[in-house]
Structure formats: C-alpha cells, structure tokens
Amino acid sequence: MDSMDLSILKCLSENSRQSATQISRTVHLSIAAVIERIRKLERNGIIRQYTIIADQRRIGNEVTALMEVSLEHPGYYEEFTRAIKENDSIVACDYLTGDYDFMLKIQTRSSETLEQIHRMIKSIKGVSSTKTYFVLKQIKSGLTAVTEA
C-alpha cells in the first residue's frame, strides 16, 4: 500500500459513492488505475465494506450515550460480547485497558429505552460495574481515519 492507495481511501472515506472518475480527478491517476487499485484494496481486505452515516435524530434516536463496563473476571468475556452483539442499539463496543473493560456507544430513542438497555447490561452475568455518559453534542464523526504514516 502506497500514498496513492491512501489518497484513494481518503476519497472513499469522505464519500463512498464517489465514482472512479471523480476520484481520478482528485488523485491525478487514470480511471482504469483507480478502479484496479480499489479492486486490489477490496481483495486484500483493506476495504471491508461501503456504508453510510445516518442522522440518528432524523431516524428517531434522540439519545446517544457512552457506557463503560467492567467485568468481574475475564472468563465472562464471551458471554458479555455475545449479548452486546445481539443488541442493535449498541452501535460500538471496544475492549479497553484501564479502569473499565469495555466502552459501549449506544444510540436509542429515549432515556427510557436507555434505562432498559442499562438494566439489560447490568443483568449480564459477570458485569460488576458500569458508568454512563450522555452525549450532549457530537463534535466530530467518522468511520475510519485515513492518514499517511
């Protein structure tokens, strides 16, 4: 992977619906070369999917929260992650170092539905503590950072 591949990835991360023609103008490479590089990035698993970023409020999710979760013991990892993957309102789950084991991002309709999710998480075997933060305003959003090394 070289700087040209990174430039193409940056274009796609800004708008995955850009045509190869648009990308070729931006990166100053032929359309055929852009298409071939994109196919190679897909084959090598660097591009895993094309997606959208939806306006959560417009689709009815008024509440975004971050929740730190600690487990009593690492032996509960599999059961916990399985339960988290089954809940569509939990849109991200990261395994951490530090005081807590996981950071969850939750997008849901209301504080009442957040409370239901909180109770569900607390009831998962092995969960010892949680700490929840309401997101007041999203300042920056992105799926993948594409930067040159």
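This report covers helix packing, aromatic pairs and selected residues in a predicted model.

## Basis of the model

Residues are numbered from 1 along each chain as its sequence is written, and side-chain values use heavy atoms, with hydrogens and water left out. Because the model is predicted, local features need pLDDT of at least 70 and side-chain atom pairs count only at pLDDT 80 or more, while totals for chains, interfaces and linings use all residues.

Helices (H or I, at least four residues) and strands (E, at least two) are DSSP runs, numbered from the N terminus.

Two packed helices are described by the angle between their axes and the distance between the axes. Axes are lines fitted to C-alpha atoms, for helices over the stretch in contact, and angles run from 0 to 180 degrees between N-to-C directions.

On the helix 1 side, Met-4, Ser-7, Ile-8, Cys-11 and Leu-12 make the contact, and on the helix 2 side Ile-23, Thr-26 and Val-27; contact means heavy atoms within 4.5 Å. By class, six of the residues in the contact of helix 1 with helix 2 are nonpolar, two are polar and none is charged. Here Ala, Val, Leu, Ile, Met, Phe, Trp, Tyr, Cys and Pro count as nonpolar, Asp, Glu, Lys and Arg as charged, and the others, Gly among them, as polar.

## Cys-11

Cys-11 is placed in helix 1. With a relative accessibility of 5%, Cys-11 counts as buried (under 20% relative accessible area; exposed is over 50% and partly exposed in between, with a 1.4 Å probe and protein chains only). Leaving aside residues up to four places away in sequence, Cys-11 touches Gln-18, Ile-23, Thr-26 and Val-27. From Cys-11 to Ser-24 the C-alpha distance is 9.9 Å, at a sequence separation of 13 residues.

Helix 2 and helix 3 pack at an angle of about 105°, and their axes are 8 Å apart. This makes helix 2 roughly perpendicular to helix 3. Ala-20, Thr-21, Ile-23, Ser-24 and Val-27 of helix 2 meet Ile-31, Val-34, Ile-35 and Ile-38 of helix 3. The residues of this contact divide into seven nonpolar, two polar and no charged.

For helix 1 and helix 3 the angle is about 85° and the axes lie 10 Å apart. These two helices are therefore roughly perpendicular to each other. Helix 1 contributes Met-4, Asp-5, Ile-8, Leu-9 and Leu-12, and helix 3 contributes Val-34, Arg-37, Ile-38 and Leu-41. The contact of helix 1 with helix 3 has seven nonpolar, no polar and two charged residues.

## Aromatic pairs

Rings of Phe, Tyr and Trp (its six-membered ring) pair if their centres lie within 6.5 Å; planes under 30 degrees apart count as stacked, over 60 as edge-to-face and the rest as tilted. By this rule there are four aromatic pairs. In one of them, Tyr-77 and Tyr-95 have ring centres 5.1 Å apart and planes at 65°, so the pair is edge-to-face. Tyr-77 lies in helix 4 (residues 77-85) and Tyr-95 in strand 2 (residues 90-95), so the pair ties together parts 18 residues apart in sequence.

Tyr-77 is partly exposed at 30% relative accessibility, and Tyr-95 is exposed, with a relative accessible area of 54%. The rings of Tyr-95 and Phe-102 have centres 5.1 Å apart and planes at 35°, so that pair is tilted. Phe-102 is buried, at 1% relative accessibility. Tyr-77, Phe-80, Tyr-95 and Phe-102 form one aromatic cluster.

## Two loop residues

His-28 lies in the loop between helix 2 and helix 3 (31-43). Its phi is positive, about 60°, although His-28 is not a glycine. His-28 counts as exposed, at 69% relative accessibility.

Arg-57 is in the loop between helix 3 and strand 1 (63-71) and counts as partly exposed, at 49% relative accessibility. The C-alpha atoms of Arg-57 and Thr-108 are separated by 9.4 Å, and the two residues are 51 residues apart along the chain.

Notes: Angles under 35 degrees count as roughly parallel, over 145 as roughly antiparallel, 65 to 115 as roughly perpendicular and the rest as oblique.
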